[in-house]
Amino acid sequence: MNGVLAVYRKELLSYFRSPIAYFVLAVFLLGTGYFFSYNMFMSGSASMTETFRNMGILLLTVSPLVSMRLFSAEWSGRTMELLMTLPLKPWEIVLGKFLGAVTILLLMTAGTLIDLVPLYLFGNPQTTTIVAGYIGFVLLGMACLAVGQFFSALTHNQIVAALITVPVLLSFWFIGYLQHFQASYALRSLLGYLSFALHFADFVQGLIRSEAVIFFLFVSAVALTLNASYLQWRR
Amino acid sequence: MIALESVSKRFGSKTIVHDLTFEVKRGEIVGFLGPNGAGKTTTMRMIAGFTTASSGRVTVAGYDMATQNDQAARKIGYMPEHPPLYDTLEVSQYLRFVARAKGIPRSQFRSELDRVAAACRLEAVLDREIYKLSKGYRQRLGLAQALLGKPEVLLLDEPTAGLDPGQIQETREVIRAFGQQHAVLLSTHILPEVTLICQRVAIINQGRLLAIDSPSGLQRASEQTNRVTLTATAPAEALRSELQSIAGVIALAINEVPGNAPVLNVECQTDARDGVEAAIARAVASRWALHRLERRQPTLENVFLRYVSQAPSEARAQ
C-alpha cells in the first residue's frame, strides 16, 4: 500500500507542476458553466438533468487529456525503467496512477458545485436527483480514466494515447443507440448493457441502480487489470 | 550477490545475449566492458528486473529474478543508461518519491536524502526543477536515486558518461567507497576507469562473455609475447647472433638509427617467462654499450581491442 501512496503522490505532484491539470480543469469548468447557464435560461427549471447529460459528453473528450500522460510519458521519458525496477508491483503502479487521475476528476466535479448556488438560491431543486447525478458522473469518469490509462500504457506518444481513447469512449457512449437497429433481443440487450450513456442516464434521472454502479466499477476493474497484466507481460 | 547462470536474451529471432555466466561478490566492483551494442545494457536490465531472461537464471541476493523480483528489488539500486528523471519535479521531491517507493521509513528520509545529496554533490540544487539541471547534475541525480536506501547491489550503466573530469573523479570515489561493502556492477567504455576502480573486468562483445579477470590478469594472459626494445652501439650481425642465443627470445628486428651509424634500435619479441629482459641486458652490456632497454606490457586498450576484434571469428568457429 506504501507503493500505491508513493506513486499517487508523485502523480499529483506531476499533474500540478505541469499546466495540464489547470488547463483541463479550466476547460471543463468553462464548458460546464456554459451548458449550465444555457440550460437554465432555455428551460427555466431548477434542475441539473440537462447539464449532467452535457457534462457526461464533455467528460468523454476531457478525460483522455487527463489519462493520456499516465504511462506514455513514463515510456517516452524513460522513467518506466525506474518504476519497474523499484520495489513496486505492477498493480501498485497502476492503482497509484489511477487514484491520481481520479483526484483530478474529483476536483473537476467539485468545481461544478458552484452551479448549485444559483439553483438553490432561486429555485427548489431535488437534492436526491442531484446527488445521484454526481455519483453517476464520478463513476462514469472513473471508467473513462481507467480505459484511457490502459491505452496510455500501450504507446510512447501521449497524443496517440488520447487519439485512441476518445473514439473508444465515444463508441462505448453511443453503442446503446445501435439497439434500435437490432432485431435480435440478445444483441439488443448486449448493446444496451455495454452503453455508457444508458447507464449514466439512470443516474441523471435520479436512480442509483446497483446494476449501473457495478457496470462502471466493473469496466474500471477490467481496464486496470489489463493494464497491470500488460506491464507484467512487458517485463 | 549477483549471479548469472548461462543467461540468454532473445528478441524475436535476434539473440542479444548469449549464454552469459558470471558473478559479482559482496565487496567487489566489477567492470562491464564492451563496445556499443555489445549487450551490456540488456544484461543490466535483466539483473535489475526490467526485462526477464529468455533462458538461464539471474539471481540477486539469493532471489531468482524470474519469480522473486519483488523481494530482490529491495536489494537493488539501479542507474539506467539514461537517468530516469521526472523533469517537472524538484530534485528533493524526486528523491523523496524514490525513497518512499523503496520503502525507506519516513523517519530516515531526511538523513538518507542528506547522505546521497552530499555523496553526489547535489546540495546546491535540491530545490531546483529537474528540467533546469545540467547534464552532469542529471547524471549524478540518477546515481543518487540508486544509492538511496544503501542497496546491497548497485548496478550502474555508464555512470560517468557526460561528466567533466572533476566530476568523474568524485563519482569514482563515491563508487569505490560504496563498493567496499556492497556488490557493484558498472558498465563503461572508458578503459582507465576500469583499471582505477574495478577489481575484476568482464569483457563482452556481441552478447558473449569473452573474458573475466582482474585488469592485470587480463593484461598478463592476453599476450604470451612481451616486447623488449633496446638501443645499443654494436655491430649488427654480432648483436643478432648474441640475442638469438638467449632463451626466451622469439624474434627480433634490428634497425640502424638514421645518421648515427653504429647505433642500433632493436625490437625483440620474447615469451612471458621472467628475467628475459635482464638476460638481454646482461648479454648486450657485457660486450657493447647499451643505451636504453624497455619492456612494454600490453595496455588494457590493446587487450580490449584484441578480444573484441577476434570475437567474430570465434563466433563463427562455434
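Modeller: Happy to! Keep in mind that this is a predicted model. Let's start where the chains meet: 24 residues of chain B are in contact with 19 residues of chain A.

Biologist: Which parts of chain B each supply at least two residues of the side that touches chain A?

Modeller: Helix H2 (69–73), strand S6 (76–79) and helix H3 (91–101) of chain B each do that. The largest share comes from H3(B), with five residues.

Biologist: And how do the residues on that side divide into nonpolar, polar and charged?

Modeller: On the side of chain B that touches chain A, 13 are nonpolar, seven are polar and four are charged.

Biologist: Before we go on, what does the model score for ipTM and pTM?

Modeller: Its ipTM is 0.90 and its pTM is 0.84. For chain B, the mean pLDDT is 87, and 93% of the residues reach 70 or more.

Biologist: Where in chain B is the pLDDT below 50?

Modeller: That is over residues 312–318 of chain B, a stretch with two contacts in the model beyond near neighbours in sequence. Where pLDDT is low, the predicted coordinates should not be read in detail.

Biologist: Got it. Let's switch to sheets. In what order do the four strands of the open sheet in chain B run?

Modeller: The order is S2-S1-S4-S5 in chain B, and the pairing is antiparallel. Strand S2 (14–24) and strand S5 (63–64) of chain B are the edges, each pairing on one side only.

Biologist: How many bridges are there between S1(B) and S2(B)?

Modeller: Seven bridges join strand S1 (residues 2–11) of chain B to S2(B). You can look for Phe11(B), which stands opposite Lys14(B) in S2(B). S1(B) also pairs with strand S4 (residues 55–60) of chain B, over five bridges, and there Ile2(B) has Val60(B) as its bridge partner.

Biologist: What is the bridge partner of Val60(B) in S5(B)?

Modeller: Tyr63(B) is that partner. S4(B) and S5(B) pair over two bridges. Their hairpin has two residues between the strands, and Ala61(B) takes a positive phi near 50° there.

Biologist: Now a helix, please. How many residues does H10(B) have?

Modeller: Helix H10 (residues 276–287) of chain B has 12 residues. From first C-alpha to last, H10(B) reaches 18 Å, close to the 16 Å expected at 1.5 Å a residue.

Biologist: Which residues of H10(B) are buried, and why do they line one face?

Modeller: Val276(B), Ile280(B) and Val284(B) are the buried ones. Looking down the axis of H10(B), its buried residues fall within an arc of 55°, so they line one face of the helix. Ala278(B), Arg282(B) and Ser286(B), on the other side of H10(B), are exposed.

Biologist: What covers the buried residues of H10(B)?

Modeller: The cover includes helix H9 (236–244) and strand S11 (226–233) of chain B, along with strands S12 (249–256), S13 (263–270) and S14 (289–296) of chain B.

Biologist: One more helix! What about H6(B): which residues are buried there?

Modeller: Those are Thr171(B), Ile175(B), Phe178(B) and Gly179(B). They cover an arc of only 95° around the axis, which puts them on the same side of H6(B). The exposed residues on the other side of H6(B) are Pro165(B), Gly166(B), Gln169(B), Glu173(B) and Ala177(B).

Biologist: And what do the buried residues of H6(B) pack against?

Modeller: Their partners include helix H5 (135–147) and helix H7 (191–197) of chain B, as well as strand S3 (29–33) of chain B.

Terms used:
Residues are numbered from 1 along each chain as its sequence is written. Chains are lettered from A and ligands numbered from 1 in the order in which they are written. This is a predicted model: local features need pLDDT of at least 70, side-chain atom pairs count only at pLDDT 80 or more; totals for chains, interfaces and linings use all residues. Two residues are in contact if their C-beta atoms, placed from the backbone, lie within 7 Å. Ala, Val, Leu, Ile, Met, Phe, Trp, Tyr, Cys and Pro count as nonpolar, Asp, Glu, Lys and Arg as charged, and the others, Gly among them, as polar. Two strands pair if DSSP finds at least two bridges between them. The expected span of a helix is 1.5 Å times one less than its number of residues. A residue is buried if 20 or more other C-beta atoms lie within 10 Å of its own, exposed if 12 or fewer, and partly exposed in between; C-beta atoms are placed from the backbone. The arc is that of the directions from the helix axis to the C-beta atoms. pLDDT is the predictor's confidence in each residue, from 0 to 100.
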